Amino acid sequence: MSWLRGIGAFIVRDALEDLSYRTAFLMNTVGILLFLAVWYFVPKFLLAQGAEVEGLPPFSWFLGGIALWQFLNVALSGFARRIRKEQLSGTLEAMMATPARTSLVLFGSTAWDFLFSALSLALYVLFGVWIFGAQIAVASIPAAIVVLVLTSLCFSGIGILAASAILYFKRGDPITFLVSGVMQLFGGVYFPASALGPRLQAVAEWIPLTHATRAFRATLLGGASLGSQVGDLAALAGFSLLVIPLGLAMARVAIGRARRDGTLAHY
Amino acid sequence: MTGPALETAGLGKTFVRRKSLGELARHPFASGERVRALADVSFGVARGEVFGLLGPNGAGKTTLIKILSGLILPTDGRAVIEGADASRGAEARKRLGLVIADDRSFYWRLTGAQNLRFFGRLHGLYGNALERRIAHLLERLDLTAAAGSLFANYSTGMRQRLAVARALLHDPPILLLDEPTRSLDPVAARSLRRFVQDELVGRDGKTVLIATHNLHEAETLCTRLAIIARGRIVASGEAGLLRHLGLHADRWRIEGTGAAPATDGAAFRVEGLGADRWRLDAALAPGEILDRVLERARAAGGRIHSCERVDSDLEEAFEEFIQRAERPQ
């Protein structure tokens, strides 16, 4: 079976399910607007007129971080959430009884979430620009997309590790909660990593989100080329090469254990 | 391809029960209690056969079905599906269709057709070929009119028929049915059994393994049976097995006086009641008429005083048989 066709099957399934909740789409759009409004007024309140954050207008700086974080949260928690949902709904066993590979089930389960989050990210940026006056470098959008894809791969590996925890321990929330907390503290989402001080800033360099937010802001907001972000991109690629195989290996171990224990459908 | 469609050799499954917090505190390094769900299960199913796994709740039927479908790994032995190890890879799963009596295994906010389309794609079917297959199966299972309805709105019978349709999407040679009529009313159950017998086996030549605790279903549908209790096969044989064991659905109790007929196996059991009285418990074979049993009862010269049907004893008899089988020798 073509892997991509299999991914397409999951996307169609989840899109149809989500589309059946019509109000949710409207609520999601309204939610984005409200969230952006909060982050528009908070820096206005806290910072002096004309202040900049890392050379960018405050709202634009926040937009880069929170839009990226909202998107990456799907990669981080989406796998675990989807696996848990399949367990709760009883469909995981039905899928595992088919010839579909574990990797297809894992990646396929979040493919629609990624697409939907990419749409949400686009809405964040569009609303941020049209309504709240953020400035982006349109010419650097392709470069920003490359950063996004590479970051998604890295966070997918972490997300698959969390999904493996769901399969192994039947709970993965503490893991994603912990990882999410560390990422948000050190990753430069709500404040620059430089605010952490030199020692903690050194720790931040080991957090993939730090490189992601830096490269994403530099390209989308600062107009930087991909070439100027080689360092951060190399770090993200390195993290991806580590966590994706590790995540898939752990997923196989977790599924193997669930099959040995007979707990594939348990939650 | 020669050889059995499906066979198991020394199949066993032991689960380790999770320790409670108290046990964990008292014995942190001891492993949990081991629960033997299956032990030394060996049988083969020939191509085109309907093989029944008959047993009470908790006997290990579902565990066995899940091992055969690769959802659970065995602790001992192996299961082979048309030459492919059931525990390794996708080869065995391609040859199997699984029907589980769990309507949680569908997406309730998708239609019947959408559900089939998704699972069909997981089997590698796409485009017009998949659409034709779905239309064909919906028609065979009388679900065409409901194809565009949400699964959530399906009746229990419709859900079970959709489960059969899903199992047939990739046209597997072997079907595993785990208590397929458990939640169905008698009419729907009969219809499904007829579909299995006439369509799947009779017309399509499929091999079917059915797990059930319904004695009548096992007797009428299966060409061969294995009775499973506490994870072990306690009896196996041809279709007349239940009758031979005295577990046949059609049972009669005849009481008389005088010379008593002789016991002839569990299907013709005579018990003395004292004072020249006797009781005969007889199980009729399919097609056998009561008159022949009465003739045999009178053959010794005694007189018959009463004759009554005792259908309700079948489950009791089965329970008694299981208890006898589990007793240490």
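In what kind of crossing, left-handed or right-handed, does helix 2 of chain A pass helix 3 of chain A? Keep that in mind as we walk through this model, which is a predicted one.

Let's start with chain A. Here helix 2 covers residues 22-46 and helix 3 covers residues 58-89. The crossing of these two helices of chain A is right-handed. Which residues do the touching? From helix 2 of chain A come Trp39(A), Tyr40(A) and Pro43(A), while helix 3 of chain A brings Pro58(A), Phe59(A), Phe62(A) and Ile66(A). Sort that contact by class and you get 7 nonpolar residues, with no polar and no charged ones.

How do you put the packing itself into numbers? Two packed helices are described by the angle between their axes and the distance between the axes. For helix 2 and helix 3 of chain A, the angle is about 140° and the axes are 9 Å apart. An angle over 145 degrees would count as roughly antiparallel, so these two helices of chain A are oblique to each other.

Now over to chain B, where there's a sheet to look at. Its 6 strands come in the order 6-7-8-3-9-10, and they make an open sheet with mixed pairing. At the edges you'll find strand 6 (96-100) and strand 10 (232-238) of chain B; each has a single partner strand, so one side of each has no neighbour in the sheet. On average, neighbouring strands are turned by 15° against each other, if you ignore direction.

Strand 3 (residues 50-54) and strand 9 (residues 224-229) of chain B run parallel and are joined by 4 bridges. Pick Leu53(B), and its bridge partner in strand 9 of chain B turns out to be Ala226(B).

Helix 2 of chain B (residues 61-68) touches strand 3, strand 7 (174-178), strand 8 (207-212) and strand 9, and its direction makes about 150° with that of strand 7 of chain B. Helix 6 of chain B (residues 156-168) touches strand 6 and strand 7, with its direction at about 165° to that of strand 6 of chain B.

Finally, how do the chains meet? There are 25 residues of chain B in contact with 24 residues of chain A. On the chain B side, the elements giving two or more residues are helix 2, helix 3 (91-94) and helix 4 (112-122). Helix 4 of chain B gives the most, with 5 residues. By class, that side of chain B has 12 nonpolar, 6 polar and 7 charged residues.

Terms used
Residues numbered from 1 in each chain as written. Chains lettered and ligands numbered in written order. Predicted model: local features only at pLDDT ≥ 70, side-chain atom pairs only at ≥ 80, totals over all residues. Axes fitted to C-alpha atoms, helices over the stretch in contact; angles between N-to-C directions. Parallel < 35°, antiparallel > 145°, perpendicular 65-115°, else oblique. Left-handed = near helix turned anticlockwise from the far one by under 90°. Contact = placed C-beta atoms within 7 Å. Nonpolar A, V, L, I, M, F, W, Y, C, P; charged D, E, K, R; others polar. Pairing = 2+ DSSP bridges.
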